[in-house]
Amino acid sequence: GIEVPDGGPSIEIKPYAITDLTTNRTTVPEVSNAFGGDVGLDLKYNVTQNLVTDLTVNTDFAQVEADEQQVNLTRFSLFFPEKREFFLENQGLFGFGGGRTGPFGNGNAPVLFYSRRIGLQDGREVPMQLGGRLTGRIGRFSLGVMNVQTGDEPVTGTRATNFSVVRLKRDLLRRSSIGMIFTGRSVSTQGTGSSETYGLDGTFSFYDNLNINTYWAQTSTPGSRGDDVSYRAQLDYSGDRYGVELEHLIVGDDFNPEVGFLRRDDFERSFGSFRFSPRPQSIAAIRKLSWEGRFDYFANRAGVVETRLAQGMFGIEFENSDQFNVEYTQSYEFLEKPFEIASDVTIPVGGYSFQDVQTSFEFGRQRRVSGRLSAQHGGFYSGTKTSVEFGVGGGGFRGGSRLELTPRLSVEPGLSLNWIDLAESRFTTQLVTARTTYTVTPLMFVSALLQGNASNNSLGANIRFRWEYQPGSELFVVYNEQRDTLTPRFPELENRAFIIKVNRLFRF
């Protein structure tokens with residue numbers, strides 16, 4: 001599972017709610033009517049004008065909002081973004097390898113430092129005892145150093161572990177750079193001993209639109225020796241009228257960045273895309289037209305084709321910022337082992353060819369109601385899939401939907417419906433989310449995130465009150481609740497948490 005740091009069952013301890021990636025169900029640690037308190041400390045010191053050090057002791061993340069749940073109909077892990085303030089600050093400095101993210105960007109490239117690996121083991125919270133970070137610039141160099149010590153977790157038998165990351169980049173020319181990264185954990189999850197990852201990368205920008213991104217990385221994990229290297233070369237030309245992207249990416253079977261995120265391993269990927277986007281002068285309502293073709297090819301290191309995607313897209317960008325897109329995709333997926341796509345539904349080993357069409361309309365951000373509405377229908381493994389989504393993107397990521405009721409009150413709705421009809425079985429997935437925010441004053445707000453997921457029969461609520469009672473000092477009141485919708489009449493309460501957190505900023 002991946003942590004969702006949205007609070008837990010006590011007063012200012014270090015609670016989490018946990019999202020299990022298999023069931024997509026969010027729970028908090030099993031505690032009954034527990035009360036408690038704790039004290040933490042955060043220090044910030046400017047070493048120089050451009051170099052800052054941070055220290056955190058007995059770290060608490062009770063005030064952080066819960067994650068939006070996601071629907072996963074793939075055989076790969078989902079990526080949840082970081083939300084904890086300590087790890088968010090200067091987060092971009094630890095980025096590695098360059099390029100874009102997303103299903104046709106570098107979403108399949110390894111993330112060598114994924115901060116959410118710290119503080120969680122086997123779906124349970126691991127206490128974060130002490131952390132330090134040094135970030136900033138020294139001349140033409142960008143530097144990021146982080147070290148975090150976590151404690152024992154008796155239920156899973158997790159031992160105290162030290163996590164470390166070092167990132168160094170040097171600027172070249174006007175917009176280019178080369179760099180290195182090191183990540184390590186003192187106790188490997190794969191055996192006795194430690195685990196380390198080493199990487200070198202380069203980002204080279206020419207003119208205004210031409211970028212070349214490269215990296216090479218290697219991991220050292222107990223019991224995994226041999227094919228433990230990953231490397232990538234990508235060319236991206238993103239002009240206004242034309243766009244071209246070419247990429248070759250390799251991830252070895254033994255490549256295992258234990259402080260990172262790896263969506264899939266043991267593959268060689270070749271990707272290419274070409275885009276033509278004219279701006280018609282004769283049609284006043286249209287700002288830009290786009291035609292794009294993409295081809296994505298995955299083979300494992302033994303040469304067996306695992307995934308092949310060919311896609312054509314046509315899009316219209318209107319002068320009022322609305323956008324319309326239609327996409328046609330031909331897919332091939334080879335399953336080397338059975339794939340459990342839902343509870344009691346398993347797709348057998350074999351090769352599957354299918355195709356689908358997706359249309360979407362995105363309302364401009366200036367509208368009172370904004371967001372992306374999409375519909376998809378076509379083949380899916382041994383059968384068909386029909387999907388309707390609003391306010392979420394591919395893979396379940398929120399797409400920025402917003403309904404502005406008043407200047408102070410807004411709602412961000414999300415909807416994902418999937419009807420799956422396979423030779424093996426039929427099933428549906430239903431995910432409904434709504435984030436409501438009321439801004440009382442510029443220094444005070446109340447927000448509520450409600451989520452209902454029929455796939456795991458859960459109903460969750462995360463309500464937060466934040467008041468910055470003086471600059472840099474805050475009061476948080478957080479309420480979390482999880483219910484089981486399978487029970488008759490009213491959904492049964494599974495867990496509940498009420499958290500009060502106060503922080504006070506001292507300047508010296």
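Let me begin with Y207, which is exposed, at a relative accessible area of 71%; here buried means under 20% relative accessible area, exposed over 50%, and partly exposed in between, with a 1.4 Å probe and protein chains only. Y207 sits in the loop between β12 (195-206) and β13 (210-220). Helices (H or I, at least four residues) and strands (E, at least two) are DSSP runs, numbered from the N terminus. Although Y207 is not a glycine, its phi is positive, at about 55 degrees. N457, another residue other than glycine, also has a positive phi, near 55 degrees. N457 lies in the loop between β28 (444-453) and β29 (458-470) and is partly exposed, with a relative accessible area of 23%.

A word on the basis of these values. This is a predicted model, in which local features need pLDDT of at least 70 and side-chain atom pairs count only at pLDDT 80 or more, while totals for chains, interfaces and linings use all residues. Residues are numbered from 1 along each chain as its sequence is written, and side-chain values use heavy atoms, with hydrogens and water left out.

The average pLDDT (the predictor's confidence in each residue, from 0 to 100) is 87 for the protein, and 90% of the residues score at least 70. Over residues 100-106, however, the pLDDT is below 50, and this stretch has 24 contacts in the model beyond near neighbours in sequence; contact means heavy atoms within 4.5 Å. Residues 394-398 also stay under 50, with 19 contacts beyond four places in sequence.

I turn to salt bridges, each defined as a side-chain nitrogen of Lys or Arg within 4 Å of a carboxyl oxygen of Asp or Glu. The count comes to 34. In one of them, D67 pairs with R116, the closest N and O atoms being 2.7 Å apart. D67 lies in the loop between β5 and α1 (85-88) and R116 in the loop between α1 and β6 (120-121), so the pair ties together parts that are 49 residues apart in sequence.

A second salt bridge joins R301 to E268, with the closest N and O atoms 2.8 Å apart. This pair links distant parts of the chain, R301 being in the loop between β17 (286-299) and β18 (305-318) and E268 in strand β16, 33 residues apart. R301 is partly exposed at 33% relative accessible area, and E268 is partly exposed at 27%.

V251 belongs to strand β15 (residues 242-251) and is buried, with a relative accessible area of 0%.

Strand β15 also supplies an aromatic residue. Y242 lies in strand β15 and F274 in strand β16 (residues 267-276), so their pair ties together parts that are 32 residues apart in sequence. The ring centres of Y242 and F274 are 6.3 Å apart and the planes stand at 35 degrees, so the pair is tilted. By the rule used, rings of Phe, Tyr and Trp (its six-membered ring) pair if their centres lie within 6.5 Å; planes under 30 degrees apart count as stacked, over 60 as edge-to-face and the rest as tilted.
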